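Here is a short briefing to read beside the model. Have a look at the structure first, and then we can go through it together.

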Amino acid sequence: MPLSQRLPYEMLLGWRYTRAGRATRRNGFISFISAASMLGIALGVAALIIVLSVMNGFQKDVAGRMLSVISHIEVFSPDGGALPDPRRTLAEVRANPEVVGAAPFVGAQALLARGETMQGAIVRGIDPALETGVTDIAAQMKDTLLPKLSPGSFGILLGSDLARKLGVAEGDQVTLIAPSGQVTPAGVVPRLKQMTVVGLFSSGHYEYDSALAMLHIDDAARIFRLEGPTGIRLKLRDLHQARAVADQLAGTLSGHLLILDWTRQNRTWFAAVQLEKRMMFIILTLIVAVAAFNLVSTLVMTVQDKRADIAILRTLGASPASIMKVFMVQGALVGVIGTLAGLALGLLIAFNIDVIVPALERLFHASFLPKDVYLISQMPSDPQAGDVVPIGVISLVLAFVATIYPSWRASRVNPAEALRYE
């Protein structure tokens with residue numbers, strides 16, 4: 001039996017009305033409105049997928065670059081001074097089965113000066129032998145730059161953008177100015193120390209490349225007059241368990257210590273990204289809703305144009321429910337085709353955005369993502385099923401809801417009134 005004979009006549013008639021107008025001038029305008037509704041749904045769905053994929057990629061890329069420089073968890077003294085017993089703290093954190101790396105550090109802020117140019121810097125004193133186990137950027141420099149940091153040499157590694165601001169290169173001298181100075185009869189004199197730039201690093205994250213300076217932990221302790229490390233940096237088996245592990249350590253570590261995981265350290269940034277993502281979802285969903293409810297006008301005009309057909313079907317025995325199904329099928333088909341086209345277009349662009357955006361930048365001679373503003377310089381994309389599936393479902397539901405009223409109006413057509421002037 002042919003497929004056309006196995007399908008309900010409501011579906012066949014609804015499909016016929018959907019494609020009507022392509023061969024007849026009479027229904028040309030209705031067909032145009034139907035195509036415009038379909039296109040609007042497709043573009044709205046595609047825009048939703050592209051925007052959310054880019055935001056997912058942005059969050060994933062920035063988080064990855066952050067975690068190449070910062071550790072999963074930091075344990076430090078709440079007063080900013082040296083840890084009371086760093087050896088015991090190291091042993092206690094390593095006892096946790098989720099911890100795969102631990103390294104002491106000295107954290108402070110200072111000024112770096114080169115001639116008349118001065119820049120604020122985040123100074124991190126590290127143990128080159130242990131730091132490679134807690135951050136990716138240190139692991140990348142394990143055999144190149146980290147061996148140049150030896151105790152007593154007062155060598156310093158600068159972020160590439162920080163070095164550019166200071167106008168220095170490898171081998172140049174910079175002056176490190178510690179915030180707490182020496183008390184003299186003339187007043188408080190800041191402590192100055194000449195440092196040799198032994199290398200430059202680039203994490204790909206502008207915030208750190210423009211402010212971070214690394215030196216040996218012993219040199220940092222001497223410069224800032226500390227008796228030991230100010231904290232311990234940890235690397236976990238699963239970075240997504242950072243908050244749970246931090247809570248565990250809070251109950252097992254001795255002494256009064258402050259424990260921060262990477263999600264809490266950057267809580268404001270992640271909260272802002274999530275809020276922006278939700279708002280963009282709502283705004284772009286309204287665009288899909290507007291396109292979907294264009295179906296109302298399309299179907300209302302179709303019903304008005306097909307009043308004679310409806311009357312004939314009613315006189316042949318079609319029930320009001322069957323008439324309603326015909327026009328619901330027509331509207332649903334527009335919604336399904338528009339949604340599928342939008343999904344295909346959106347995913348195609350989302351998966352190839354790393355090729356499309358550079359081509360547009362070359363075409364318009366512009367940079368869409370200045371790295372000093374957006375933290376990254378390339379457009380990332382990460383389509384996720386958790387976003388794509390709800391977008392498709394919402395689009396289909398909106399299209400279906402938009403068909404209900406016009407279809408109900410069609411089922412209420414009076415055959416006698418419809419055929420009076422035919």
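**Second largest cavity**
- The lining of the second largest cavity has six nonpolar, two polar and no charged residues, where Ala, Val, Leu, Ile, Met, Phe, Trp, Tyr, Cys and Pro count as nonpolar, Asp, Glu, Lys and Arg as charged, and the others, Gly among them, as polar.
- Those lining it are Val45, Leu48, Phe281, Thr285, Val288, Ile391, Ile394 and Ser395.
- Helix 3 (28–67), helix 12 (267–305) and helix 17 are the elements that give two or more residues to this lining.
- A cavity is a set of points on a 1 Å grid over the protein atoms alone where a 1.4 Å probe fits but cannot get out, and lining residues have an atom within 4 Å of a point.

**About the model**
- This is a predicted model: local features need pLDDT of at least 70, side-chain atom pairs count only at pLDDT 80 or more, and totals for chains, interfaces and linings use all residues.
- Residues are numbered from 1 along each chain as its sequence is written, and side-chain values use heavy atoms, with hydrogens and water left out.

**Salt bridges**
- The count comes to nine salt bridges, each a side-chain nitrogen of Lys or Arg within 4 Å of a carboxyl oxygen of Asp or Glu.
- Glu131 pairs with Arg233, with the closest N and O atoms 3.2 Å apart; this pair links helix 5 (residues 128–131) to strand 8 (residues 231–236), 102 residues apart.
- Glu74 joins Glu131 and Arg233 in a network of salt bridges.

Methods: On a 1 Å grid over the protein atoms alone, a cavity is a set of points where a 1.4 Å probe fits but cannot get out, and a pocket is an open set with protein on both sides within 12 Å along at least five of seven lines; lining residues have an atom within 4 Å of a point. Helices (H or I, at least four residues) and strands (E, at least two) are DSSP runs, numbered from the N terminus.
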